[in-house]
Structures are given as C-alpha cells and as structure tokens.
Amino acid sequence: GVTCAVEMDHNDIITGSSDFSVNICRNVEDVEYHCTQAIGGFASGVNALCKYRNMFIVGFSDANITVFDIDKEGKYYELVILNEHRRMVNMMIGLKDDRFVSCSFDKKIVVWSFNQATKEFKRDQVLLEHKMSVTGVCETKEGKMISVGQDKKMIVWRRIKCA
C-alpha cells in the first residue's frame, strides 16, 4: 500500500509504498495525474517522503535515506544515500534555514545541510534527548523545531547561531 505522499513545486505528486517503490505522477493538462516514472528495487519499504528544494528525499524502513534530484528532462535520479540512522526513518522535514531534519526509531534527530557547489549533504547535528523512538518533527513560524517521541516527550528546540 501507499505509505506517504508529497507534492513538488512543479505539481508532481510523489508517492512511496511498502512494496519498495516510489511513483512520480504528473498533472497532464490540469485534468488528471499520470504516473510518469516508477523507481523501485529498494531494499525496504518507503516510510517517509520530504520535498527539499527541487529534490525529494525518501526515508526507508531499513534506516537509509535516499535523495533524488531532477534532471533537465524532468526525470528523477538518485543523488546520494545517507545512512546516519540505525532504525526505521519516521519522518523528514525541510527547515526554513535551507536544511532538513530526519527522525527515527533509533531515538535520533539528525539535522542535514546541503552544499550546492559539491552536491553533498553534511550531518550538521545529531540531537539525542529522546529516550525512545522519535516519531515526528515540525517547525514553528518562529523557526523553532518541535520533536515528539514514544517517550511521551515534546521537546522544543531553539536554534543557536554560532559566531
């Protein structure tokens, strides 16, 4: 079954599935969506999707994260695999400061940044305050991040700017 979906800026709808696949659907003439690309063969089911810039990010039940970029012909391709987590990725969100965050059953929240020149992602920070699985994250209008977990905690994170 379909486990998650995300809408991209150019109106593509991307769906992830427990059958180890991602489907990209494009709106044709503002009438209906057609599947224009299917990406499969992953090692585990898709658990989370996130739009980040013109890319999309896939979180898997095997703890991996894969980033897909789009080429000039409008086809998505695998850019990089990030493997910081050790258990299923629950959720990912893009932040207002142009980074993204992933959270997992491994109790970790990872903050990632992207270098446009080198096309590389870097782990900026790992947050380890939760004692059980981190099940969700969001960002407030003020730029604070909120995480929730199976430890029944809601943690409000404030960004500290380094000099």
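Student: Where in the chain is the place of K107?

Tutor: Good place to start, and keep in mind that we are looking at a predicted model. K107 has a phi near 80 degrees, a positive value in a residue other than glycine. As for its place, K107 is in the loop between strand 10 and strand 11.

Student: Is K107 buried, partly exposed or exposed?

Tutor: Buried means under 20% relative accessible area and exposed means over 50%, with partly exposed in between. K107 has a relative accessible area of 39%, so the residue is partly exposed.

Student: Which loop holds A63, and is A63 buried or exposed?

Tutor: A63 has a positive phi of about 90 degrees although it is not a glycine. The loop that holds A63 runs between strand 6 (55-60) and strand 7 (65-70). The relative accessibility of A63 is 3%, which is under the 20% cut-off, so A63 counts as buried.

Student: How do strand 9 and strand 10 pair, and over how many bridges?

Tutor: Strand 9 covers residues 89-94, and with strand 10 it forms a hairpin that has five residues between the two strands. In the turn, D98 has a positive phi of about 70 degrees. The two strands pair in the antiparallel sense, over five bridges.

Student: Are the rings of F100 and W112 stacked or edge-to-face?

Tutor: A pair of aromatic rings is described by the distance of the centres and the angle of the planes. For F100 and W112 the centres are 6.0 Å apart and the planes are at 15 degrees. Planes under 30 degrees apart count as stacked, so this pair is stacked.

Student: Are F100 and W112 buried or exposed?

Tutor: Let's take them in turn. F100 has a relative accessible area of 0%, so F100 is buried. W112 has a relative accessible area of 5%, so W112 is also buried.

Student: What is the arrangement of the aromatic pair that F100 and F121 form?

Tutor: This pair also links distant parts of the chain, with F121 in strand 12 (residues 120-127), 21 residues apart from F100. At 13% relative accessibility, F121 counts as buried. The rings of F100 and F121 are 5.8 Å apart, centre to centre, with 80 degrees between the planes, and the pair is edge-to-face.

Student: Which residues do ring pairs link into a cluster?

Tutor: The structure holds 10 aromatic pairs. Ring pairs link five named residues into a cluster: F42, F56, F60, F68 and Y76.

Student: Which side chain does a polar contact of 3.2 Å join to that of D12?

Tutor: D12 lies in the loop between strand 1 (2-7) and strand 2 (13-17). At 0% relative accessibility, D12 counts as buried. Leaving aside neighbours within four places in sequence, D12 is in contact with several residues, including V6, I24 and R26. The polar contact of 3.2 Å joins the side chain of D12 to that of Y76.

Student: How many disulfides does the structure hold?

Tutor: C50 is buried, with a relative accessible area of 4%, and the nearest cysteine sulfur, that of C4, is 11 Å away. C103 counts as buried at 0% relative accessibility, and its nearest cysteine sulfur, that of C138, is 11 Å away. A disulfide needs the sulfur atoms within 2.5 Å, and the number of disulfides in the structure is zero.

Student: In what order do three strands form an open sheet?

Tutor: The pairing in this sheet is antiparallel. Its edge strands, each pairing on one side only, are strand 13 (134-139) and strand 15 (154-157). The twist averages 20 degrees from one strand to the next. The order is 13-14-15.

Student: Which residue in strand 14 is the bridge partner of V134?

Tutor: Strand 14 covers residues 145-149, and five bridges join strand 13 to it. These two strands run antiparallel. The bridge partner of V134 in strand 14 is G149.

Key: Residues are numbered from 1 along each chain as its sequence is written. Side-chain values use heavy atoms; hydrogens and water are left out. Two strands pair if DSSP finds at least two bridges between them. Helices (H or I, at least four residues) and strands (E, at least two) are DSSP runs, numbered from the N terminus. Axes are lines fitted to C-alpha atoms, for helices over the stretch in contact, and angles run from 0 to 180 degrees between N-to-C directions. Rings of Phe, Tyr and Trp (its six-membered ring) pair if their centres lie within 6.5 Å; planes under 30 degrees apart count as stacked, over 60 as edge-to-face and the rest as tilted. Buried means under 20% relative accessible area, exposed over 50%, partly exposed in between (1.4 Å probe, protein chains only). A polar contact is a pair of N or O atoms within 3.5 Å; within protein, one must be able to donate a hydrogen and the other to accept it, and residues adjacent in sequence count only if both atoms are side-chain atoms. Contact means heavy atoms within 4.5 Å.
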